[in-house]
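Trainee: Could we go through this model together, setting each value against its definition?
Mentor: Gladly; let us look at it and then take the terms one by one.

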Amino acid sequence: QILEESDFRGEDFNLFQVAGQKCLEDGYAAQLLEVIQNEKNKVIIKNMGWNLISPLVRCILAYKQEDDKQEHCLKILDQLVQLCNPKELFLGLLEQIEQTSGEQVCPTVMLLLQPLQTVLLKLQNKKAYSVGLSLAMIMNQLTPLPVPYTKQQIQEDKLGLCRCCNAVVDFAKPFVNEVVKNMEKSSEYNDMELKEELLKFCMKSLKYPLLTAHLEQLEGIEEHPFRHFATEIIDILQDIRELMPLVFIHHKGRRSYWENQEFEDIERKNSADSLACLSYLMFVQHFGINCFPMVFSPSYLLQCNMTHIEVLLNRTEESMLSKGLDLFESCLLRMEDNSLSHQYLEFRDFINVPQDLVKVMTLCPIEYLRKKSLNMLQLFIDKFDAEGKYTLFRCLLKTSNHAGVQGYIIQKIKDQIHLSLTKAHDNVWFTGHHLISLLDLVLLLPEGAETDLLQNSDRIMASLNLLRYLVIKDCESENQTGVWTILAKIEKNFLKPLHVGLNMSKAHYEAEIKNKRENRRDANNSNTVCSLTVSEEKMPAMTTEMQLQVLHSALFTFDLIESVLARVEELIEVKVKAVMAENI
C-alpha cells in the first residue's frame, strides 16, 4: 500500500497472484472482493489485478449459478474491469480466451465478452487492431466446435455455440456504430482500419458457422439462432457499406496482401466459401434483399452466382451441397425456358457446373441430393436456346464416363429431335449436318465389339431407342435428320460391333453359369462364397446362388438389347426395301 507504481517488483506481482489465487481456491471470494474494493489498494489492483483473471474464470465456471461465491467472483471481475490498466487487462482477457478449449470455449467466451468490450472501448491507441485481434481470437476458438444441424441439436445447443455466436454480434455492435458514425463524418485512416477488421469478422462468420449451418426455417423454433445470426451479419455489412460491393465486385478479385503464395491460396479459398454463403443468404433466404437493386437481368444474376454455385457443388458436406443446389435453383427459376444464350457456355463456370452436377448425381451417398442434382441439370438444359442445348449435350457426352448419365443425355437429344420434327419451323441444330455430328458421338460403341455391354447397357439402350425413333419418324426421301446419309457408318461403328459383342458376352456368361452349376452339384462346394470389394471396402460375401442370379440378370439384359437391336434392323430393312420398290 505504501509503495509507488514504479517501485513494484516482479516478486510483488507473483506474491499478489499466488495470494489472490489461494483466496479464490479456498472459497474466500467475499474477503478478496473487500480487498479489491479497498481504496488503499487501488494502485496495487490497477497494476496487478489482471493476474487474477485466470483463477477467477476457473472459479466462476466451477461454481453453480445460484452460488453466492460465484456472485462474489463476478463482482470481482467487474471491479477489475473498472480499476485495472486497460492494455494489460485486454491482454489478460485475450490470453484466457486463447487458452480455453473443448466444452469450456463457449462459456468462457460468453463470460468475458462484456468485460472485453468495456476494456476495448477504453483503449485509445490501436483500437482497430485490438478489436480485430479479439474477434479473430474468438472466431478461431469457436471454429473447431461442431455446428448444430438438426432441429434437436439446435434446440439443445449442447456446447452453447448458438447463444455464443449471437453474443459475439452484440459484442461487435458498439464498434460497428463507431464506424458508421465516423463514415458519416469523414473517412480517416483509423476508421477504415476498424471497418476492415469488422469486414474480416463478417467474412469469417459467413464461412463458420453459417456455411455449415441449417438455415431453413424450422417448425417449433420461434427464433432460429443461426437465422438471427445471419440477419445480424448482413446488417453489419449493410451498415458499413460493404454488402453490395461484396455481392457484385468482390467476385472479380481483390488485391492480395500476402507475399506467400500458400497463404494467398488459403485466403482466396476462405473468401470464396464466404462469398458463396453470402449469395445463398441473399438469393435463397432473402436476407438483405430489401436493399438489393432490382435492375439486373436473371441471366446476369445467374452469371454472377455461377462461381459461388461451383464452389458449393465441389464440397462433399450435405449442408454445402444443398446450399449450392438451392442457389442454382433460385437463379434458374427466375429465367424463362429457352431464354439463355449459348454464348454463356463460353464462360468456364457454365461448363464446370453441369459436370459438377453429374458428379453429385453419380457419387453423392445422399439420395435427395442426387435426385435434386438431376432435376437441376434438366432445369439448366431447359433454359438454353437450341444451340446452347446442342453444345451442352456434346460437352456432357464427351466428359461424362457414366453410362446412366450418357443414356439420360441421349434421351434428351431424342426429345429435342422430336420437337424439331414436329414444329412448323426448322431447328437447324437438331436436324441435318449438326445432328449428324452429334449422332457420331451417340451411335457407336466406345471400345468396339470389346465394349463392356453390361457396364454400358443404359447408354446402348438409349442409343438403340434413338435410332429406332429416327428410322420410324424420318423418311429416307425427306432425310431431315440425316440418319439415312450415315446409315453405312452406323452399321459399321455401332450395329455390327454390337452384334459381335452380344455374341461374345452371352457365350461368356452362359459358360460361367454352366461352371457355377457344376460346382453347385459338388456337395463340398455348395456353400462356396465369392468376395467382392467396392471402393476398397469389402462387401458381404456372395453365395453360389447369388452369383447365379447376377449372371442370369446379365443374360436378361443382353436379351433385351438384342431384341431392340433386331427391331431396329428390321425397321431399317423395311424402309430400305420400300424405297427400292418405289424407285423400281
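**Values against definitions**

Mentor: Tyrosine 509 and phenylalanine 558 are both buried, where buried means under 20% relative accessible area, exposed over 50% and partly exposed in between, with a 1.4 Å probe and protein chains only. Keep in mind that this is a predicted model, in which local features need pLDDT of at least 70 and side-chain atom pairs count only at pLDDT 80 or more, while totals for chains, interfaces and linings use all residues. Residues are numbered from 1 along each chain as its sequence is written, and side-chain values use heavy atoms, with hydrogens and water left out.

Trainee: How do you know that cysteine 73 is in no disulfide?
Mentor: A disulfide is a pair of cysteine sulfur atoms within 2.5 Å, and the structure holds zero disulfides. For cysteine 73, the nearest cysteine sulfur is that of cysteine 59, 5.2 Å away. Cysteine 73 has a relative accessible area of 0%, so it counts as buried. Cysteine 164 is likewise in no disulfide, the nearest cysteine sulfur being that of cysteine 106 at 4.2 Å, and cysteine 164 is buried with a relative accessible area of 0%.

Trainee: Why is the pair of phenylalanine 380 and phenylalanine 384 called edge-to-face?
Mentor: Rings of Phe, Tyr and Trp (its six-membered ring) pair if their centres lie within 6.5 Å, and planes under 30 degrees apart count as stacked, over 60 as edge-to-face and the rest as tilted. A search of the whole structure finds 14 aromatic pairs. In the pair you name, the ring centres are 5.0 Å apart and the planes stand at 80°, so edge-to-face is the term.

Trainee: What makes tyrosine 509 and phenylalanine 558 an edge-to-face pair?
Mentor: Their ring centres are 5.3 Å apart and their planes at 70°, so this pair is edge-to-face as well. The pair links distant parts of the chain, since tyrosine 509 lies in helix 23 (residues 487–521) and phenylalanine 558 in helix 24 (residues 544–583), 49 residues apart. Helices (H or I, at least four residues) are DSSP runs, numbered from the N terminus.

Trainee: What makes lysine 414 sit over the ring of tyrosine 469?
Mentor: A charge sits over a ring if NZ of Lys or CZ of Arg is within 6 Å of the ring centre and within 35 degrees of the ring normal. The charged end of lysine 414 sits 5.3 Å from the centre of the tyrosine 469 ring, and lysine 323 lies over the face of tyrosine 280 at 5.5 Å from the ring centre.

Trainee: Why does the span of helix 10 agree with its number of residues?
Mentor: The expected span is 1.5 Å times one less than the number of residues. The 25 residues of helix 10 (residues 161–185) should therefore span 36 Å, and the end C-alpha atoms are 37 Å apart, which agrees. Helix 10 also has a kink of about 35° at lysine 173, shortly before proline 174, the bend being the angle between axes fitted to the seven residues ending there and the seven starting there.

Trainee: Why is histidine 286 called partly exposed?
Mentor: Its relative accessibility is 45%, so histidine 286 counts as partly exposed. Histidine 286 also has a positive phi of about 65° although it is not a glycine.

Definitions and conventions
Helix = DSSP H or I, 4+ residues; strand = E, 2+ residues; numbered from the N terminus.
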